[in-house]
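I opened this notebook to keep track of what I looked up, one entry at a time, for someone who has not seen the structure before.

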Amino acid sequence: MCLHGTDPATVYLSAWARVGDFTVADLDRALYDDRALVKHTAMRRTVFVVPRDTLSVVQAGASARVAAAQRRTVVKDVVKAGLHDDGESWLDEVSRHILAALADGREATSSELKAEIPLLDGALEFGAGKSWGGLVTFAPRVLTVLSAEGKVVRASNKGSWRVSRPTWTTTESWLGSAIDPVDEATGVRELVRMWLRAFGPGTEADLKWWLGSTLTAVRAALAELDVVEVDLDGRTGYLLFDDLEPQVEVEPWGALLPGLDPTVMGWTEREWYLGPYKEALFDSNGNAGPTAWWDGRIVGTWWQTDTGGVSLHLLEDIGAEGTAVLREEAARLDDWLGGVRVMPRFPTPLAKELAAEGRSSGGSSS
């Protein structure tokens with residue numbers, strides 16, 4: 001359906017976990033050469049990698065809502081920062097300058113645009129006197145608005161696959177045309193359909209959270225779709241009508257997934273697969289760290305030592321078979337990474353603890 005792209009490495013590691021013989025070049029080709037996949041600001045103001053042929057419904061069902069909210073915030077902050085008395089006019093003018101600068105297929109970084117467009121050279125102070133406080137420039141925030149509006153896209157990346165240093169260009173030049181217009185109700189309905197196909201059964205709360213939408217919008221979409229209600233341990237869940245066949249029993253399986261992997265972040269009601277590990281494996285903002293899975297449940301995490309070695313850390317006894325499978329996965333990932341360190345953008349409490357222990361002990365695998 002789509003992959004989380006806020007942390008640049010997540011996209012590649014999520015693909016590695018699912019695609020046999022996967023290479024970085026495979027995904028780079030799909031993103032930057034074929035452009036069959038697009039990095040786009042969408043649900044919950046998160047960057048996702050979405051198939052190009054679903055971009056229109058993602059834009060209508062999620063991105064447009066994000067764009068409207070971000071536009072209101074930027075307009076308010078422009079006035080607050082003293083850049084202009086009319087924040088709406090300022091944002092419209094600077095957006096025109098950016099789109100003109102990116103005309104004819106040009107790609108440019110946020111810093112390059114800021115250097116050549118004087119209007120972008122502004123910032124607002126957040127958290128004055130706080131340890132986390134500082135100046136936040138408007139250039140990336142304006143680009144976020146334009147991205148969510150579907151007017152610009154993240155083009156070539158000037159960093160490695162583990163680093164986000166995107167250039168920006170117009171959507172028309174990158175994809176050959178503008179995003180096809182779709183009405184919001186259709187966009188939400190189709191996103192709900194795709195979510196149920198990938199993640200169902202799930203609850204209204206799951207859908208509302210994942211979409212970053214409202215219960216009203218979710219219920220309207222469900223009413224238009226051919227769905228059935230199912231019991232999820234006392235909660236009402238939903239499945240597509242043509243997805244009711246019993247699933248074939250599968251053998252126990254193991255996987256190592258990166259932080260913000262779409263499976264880990266697929267639902268908001270996660271107890272059935274997360275168990276008691278939320279505080280250890282999620283940061284205070286709800287971002288998931290790397291996880292180790294056995295037979296459909298999260299049973300631990302993985303991390304890297306200072307030398308790049310992959311280390312497995314189990315949070316419960318899963319027996320000899322499960323432990324062996326996950327150790328094999330750790331060795332496979334270690335071989336694929338080849339000593340390259342991937343630093344999670346949102347380290348969890350357990351990740352910080354394990355990193356500290358690894359530095360003091362030299363690191364070891366459970």
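Entry one, a pair of strands. I looked up strand 12 (residues 297-304) and found that it pairs with strand 13 in the antiparallel sense over five bridges, where strands are DSSP runs of E of at least two residues, helices are runs of H or I of at least four, both numbered from the N terminus, and two strands pair if DSSP finds at least two bridges between them. Within this pairing I noted that Thr301 stands opposite His313 in strand 13.

Before going on I wrote down that this is a predicted model, in which local features need pLDDT of at least 70 and side-chain atom pairs count only at pLDDT 80 or more, while totals for chains, interfaces and linings use all residues. Residues are numbered from 1 along each chain as its sequence is written, and side-chain values use heavy atoms, with hydrogens and water left out.

I traced an open sheet of four strands in the order 10-11-12-13, with antiparallel pairing. Its edge strands are strand 10 (254-257) and strand 13 (310-314), each of which pairs on one side only. On average, and with direction ignored, neighbouring strands of this sheet are turned by 30° against each other. I then found an open sheet of three strands, in the order 1-3-2 and again with antiparallel pairing. Strand 1 (3-4) and strand 2 (37-41) are at its edges with a single partner strand each, so one side of each has no neighbour in the sheet. Strand 1 is joined to strand 3 (residues 47-51) in the antiparallel sense over two bridges, and the bridge partner of His4 in strand 3 is Phe48.

Is strand 7 (residues 166-170) enclosed or left open by the rest of the structure? Five of its five residues are buried, so strand 7 is largely enclosed; buried means under 20% relative accessible area, exposed over 50%, and partly exposed in between, with a 1.4 Å probe and protein chains only.

I looked at helix 4 (residues 87-101) and helix 6 (residues 139-148), whose axes come within 11 Å and cross at roughly 80°; axes are lines fitted to C-alpha atoms, for helices over the stretch in contact, and angles run from 0 to 180 degrees between N-to-C directions. Helix 4 and helix 6 are therefore roughly perpendicular to each other, a term for angles of 65 to 115 degrees. Their contact (heavy atoms within 4.5 Å) is made by Trp90, Leu91, Val94, Ser95 and Ile98 of helix 4 and Val142, Leu143 and Leu146 of helix 6.

Notes:
Parallel < 35°, antiparallel > 145°, perpendicular 65-115°, else oblique.
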